[in-house]
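Here are my notes on this one, point by point. Have the structure open next to you as you read.

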Amino acid sequence: MEINKIKCGKFSFNVPNFDLKLTMFSGQTSQPPWKHKNDYYQELIFIEDKPCLIKVRQKNNHLEVKYETDTKVSPQDIKKTIKYIFDLEFNLDKFYFNFTQNDSIFSRIVEKYNGLRLFLAHNKYECIISSITSANNSISKWTRSILRIKEKLGRKYVFPSSEEMYYFPDPETVLENKDKLKYCGVGYRYKYIVETTKILYENLSIDEVNKMEYDEAFETLLELPGVGPKVADCILLYGFRRYEAFPVDIWITRAIKDLFGVSKDIREFGQSKFGKYAGYAQLYLYQYIRHKK
DNA sequence: CTTGGACCTGA
DNA sequence: CAGGTCCAA
């Protein structure tokens, strides 16, 4: 699909404590890392229902943005979207302050991964499928699967710069092209993806889940095939920006055992210890334990 | 309510 | 061989 009534532009703005590369490559299941091209990271995002090609790169404390989009979309809209995706309004220093008091371990973790933030979903359905695909899977494998789904089932958009981008298919398209899904390397998760997609298409609106309180949303997501406690918390954290979510995988289990000597009811432990910062604490604990020798 | 085997893919 | 969820026991 070609894009008409296009305007191109660029701007830059100051960002707070932020590390774009670290954030994008920290394994968050909202989406795969953006495509790296000509020193920028780029993605196709819908803003005001219009396709928008966004390119970003970081130079110290400012973010440089280039865009190609419909004339109806303003640079302010784009900036707002970028701020949302990288959670730039979140007060990281306050989070650091809260957990580094009298805690040398957390101080070192926070120092080492300074600027790590949430990488939030621009498409909640893509986040749900990414999270299901990530279960019992490696980061490189689930991201490759999602990229394949975009290319094989997604719609292609060609921008004026002749840049070609694919957008993650909607539930209806996935159900109509189940056969193609089989060649995206999702393995036995295939049936989870199809069944969950059916439910999202017929019975459960993502917007409804978004309106629920955290606990109700968690329980509702658990009803979806392929969604257990870990995946539900990934969806809530990376897809719905619920800071109290604390996704527990094998690495977080190790980190909590390593740092606090706790080895059961890890999710409850994390949520009560870190409260509204549970999601952010999980981000940093994950980096810590994965890089620990 | 708890446990442990089966499930796919690609390093 | 790693890695969450499901299902049967």
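1. Strands S4 and S5 make a hairpin with two residues between them, and Asn60 in that turn has a positive phi of about 50°. S4 covers residues 50–59, S5 covers residues 62–70, and the two run antiparallel, joined by eight bridges. If you want one pair to look at, Ile54 has Tyr67 in S5 as its bridge partner. A word on terms: strands (E, at least two residues) and helices (H or I, at least four) are DSSP runs, numbered from the N terminus, and two strands pair if DSSP finds at least two bridges between them.

2. Before going further, note that this is a predicted model: local features need pLDDT of at least 70, side-chain atom pairs count only at pLDDT 80 or more, and totals for chains, interfaces and linings use all residues. Residues are numbered from 1 along each chain as its sequence is written, chains are lettered from A and ligands numbered from 1 in the order in which they are written, and side-chain values use heavy atoms, with hydrogens and water left out.

3. S4 also has a partner in strand S3 (residues 40–47): seven bridges join S3 to S4, again antiparallel. Here Leu44 has Leu53 in S4 as its bridge partner. These strands form a hairpin as well, with two residues between them, and Glu48 in the turn has a positive phi of about 55°. Asp49, in the loop between S3 and S4, has a phi near 65°, also positive in a residue other than glycine. Most residues other than glycine have a negative phi. Is Asp49 buried or exposed? Asp49 is exposed, with a relative accessible area of 71% (buried means under 20%, exposed over 50%, partly exposed in between, using a 1.4 Å probe and protein chains only).

4. Next, the hairpin of S6 (residues 155–158) and S7. These strands run antiparallel with four bridges, one of them pairing Tyr157 with Met165 in S7. Five residues sit between S6 and S7, and Ser162 in the turn has a positive phi of about 65°. In a regular strand the side chains alternate between the two faces of the sheet.

5. His122 lies in the loop between helix H4 (104–112) and helix H5 (124–134), and is buried, with a relative accessible area of 18%. Its side chain makes a polar contact of 3.0 Å with the side chain of Gln31 (a pair of N or O atoms within 3.5 Å; within protein, one must be able to donate a hydrogen and the other to accept it, and residues adjacent in sequence count only if both atoms are side-chain atoms).

6. What about the nonpolar core? The largest has 69 residues, and Phe95, Ile149, Tyr284 and Leu285 have the most contacts inside it (such a core is a set of buried Ala, Val, Leu, Ile, Met, Phe, Trp, Tyr and Cys residues joined through side-chain atoms within 4.5 Å). Helix H15 (residues 278–291) gives the largest share, nine residues. Apart from this core lies another of 23 residues, including Ile54, Leu63, Val65 and Tyr67.

7. On to the DNA. DNA strand B is surrounded by Asn136, Lys141, Arg144, Arg148, Gly185, Gly187 and Tyr188. Of its atoms within 4 Å of the protein, 79% belong to sugar or phosphate and the rest to bases. A polar side-chain atom of Lys141 lies 2.2 Å from a base oxygen, while a side-chain N or O atom of Arg144 is 2.9 Å from a phosphate oxygen.

8. DNA strand C has 19 residues around it, and Asn136, Gly226, Gly228, Val231 and Asp249 come nearest. Its share of sugar or phosphate atoms among those within 4 Å of the protein is 58%.

Conventions
Near = heavy atom within 4 Å.
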